[in-house]
Amino acid sequence: MSSNKNALIRYKTLDKCLKNKYKKYTLEDLIDECSEALFEFEGKESFVSKRTVQLDLQNMRSEKFGYEAPIEVYERKYYRYSDPEYSIHNISVNESDLKAMNNAVQILKQFKDFSMFKEMNGVIQKLEDSIHSTTQKSIIHLDKNEQLKGLEHIDVLYDAILNKRVLNITYKSFKARESDSYIVHPQLLKEFNNRWFLICFNKDYAYNLALDRMENIQIEEKIEYIDKHLDGDEYFKDIVGVTVSPTMVPRNVVFFVDAANAPYVKTKPFHASQQILNETHEGTIFKICVQLNYELERLLLGFGESLVVHKPRKLRIRLQEKFLAAHKNYENFVVDDED
């Protein structure tokens, strides 16, 4: 059992003893009660030391955990609350705490219609009722779209990852004429640019499958699940977006952004590795170290004429070709401009 859980059991036990009006507790009695409570919880002998209980009482008296419990020693040996109505479970909340809780509730309310958070609806309502926040408008607005296609799959995918279940997913990519069937071991759910993706494996081959391209999902009961123990922060650390190559080495991408747009890139970096190499009145040269993927290209292209890639050469030529193709599209475009 974790030390935090041990401490919570001891605090709860001490609270029960200290508010008991019909029994006197010495320090030794409190030690025995805490040891007994831990024994009942763990099912094995668990002796609590005198020093541990003394520190617990000291912590409960202090502001450290917000208790400020009125613990007194009377007749020089017995412990109790000087206020018989006190309990650590009914601590008053100050106005600053209420405001912080209210802000959190307003943020949570924006998710309560989202499928993954439907079980939170009752909790959010209870919080609203307890802090009287139902009439306050939300100050923070998060970018979300509950109407995105594929969101109906999140619950079953989340459950499959949680319970380590193999899936058979019928999937049709934008480029495919017909659907394909993938038997995969789901590992992570990833949201990027208002689209959701499932990161999964078929043996050692990795897939990132867009939820909006999934047509059907079935659980494969007879196949043993392979847990890759993926850490999202580590898995995605070298990329922009969701497309990770297991073999590609991250490259230094050096690019220039003109003076009008450089502040946007400074304040919202393309990647955690972003550095400034040089600044002039014309603009700023940045560097990031990432894998070269589709999402990176889309991000760079989105800045149009205000951004120029210097290195690597392969990426610069690829973006140049795309801009030339776009230019040709406009040159060949015929439209009636009467409107």
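Predicted model: local features only at pLDDT ≥ 70, side-chain atom pairs only at ≥ 80, totals over all residues.
Helices here are DSSP runs of H or I with at least four residues, strands are runs of E with at least two, and both are numbered from the N terminus. On that count the chain comes to 10 helices and 11 strands. Residues are numbered from 1 along each chain as its sequence is written, and side-chain values use heavy atoms, with hydrogens and water left out.

Of the 339 residues, 33% are buried, meaning under 20% relative accessible area, with exposed set at over 50% and partly exposed in between (1.4 Å probe, protein chains only). Taking contacts (heavy atoms within 4.5 Å) between residues at least 6 apart in sequence, 58% join residues at least 24 apart.

Now to the cores, each a set of buried Ala, Val, Leu, Ile, Met, Phe, Trp, Tyr and Cys residues joined through side-chain atoms within 4.5 Å. The largest nonpolar core has 24 residues, and Leu30, Val53, Leu57, Met60, Ile71 and Tyr81 touch the most other members. Helix 1 (3–18), helix 2 (27–42), helix 3 (50–61) and strand 2 (78–81) each put in at least two residues. Leaving aside residues up to four places away in sequence, Ile71 touches Leu18, Leu57, Met60, Arg61, Tyr79, Arg80 and Tyr81. A second, separate core of 21 residues includes Ala160, Phe197, Leu209 and Val242.

Helix 9 (residues 294–301) buries Glu295, Leu296, Glu297 and Leu300. Among the elements covering these residues are strand 4 (180–192), strand 8 (251–258), strand 10 (283–290), strand 11 (307–311) and helix 10 (313–331). The axes of helix 9 and helix 10, taken as lines fitted to C-alpha atoms over the stretch in contact, with angles from 0 to 180 degrees between N-to-C directions, come within 11 Å and cross at roughly 60°. Leu296, Glu297, Leu300 and Leu301 of helix 9 make the contact with Leu315, Arg318, Leu319, Lys322 and Phe323 of helix 10.

The peptide bond from Lys311 to Pro312 is cis, with omega near 0°, and Pro312 sits in the loop between strand 11 and helix 10. Glu75, although not a glycine, has a positive phi of about 55°; Glu75 lies in the loop between strand 1 (71–74) and strand 2. Asn193 also has a positive phi, near 55°, and is found in the loop between strand 4 and strand 5 (195–202).
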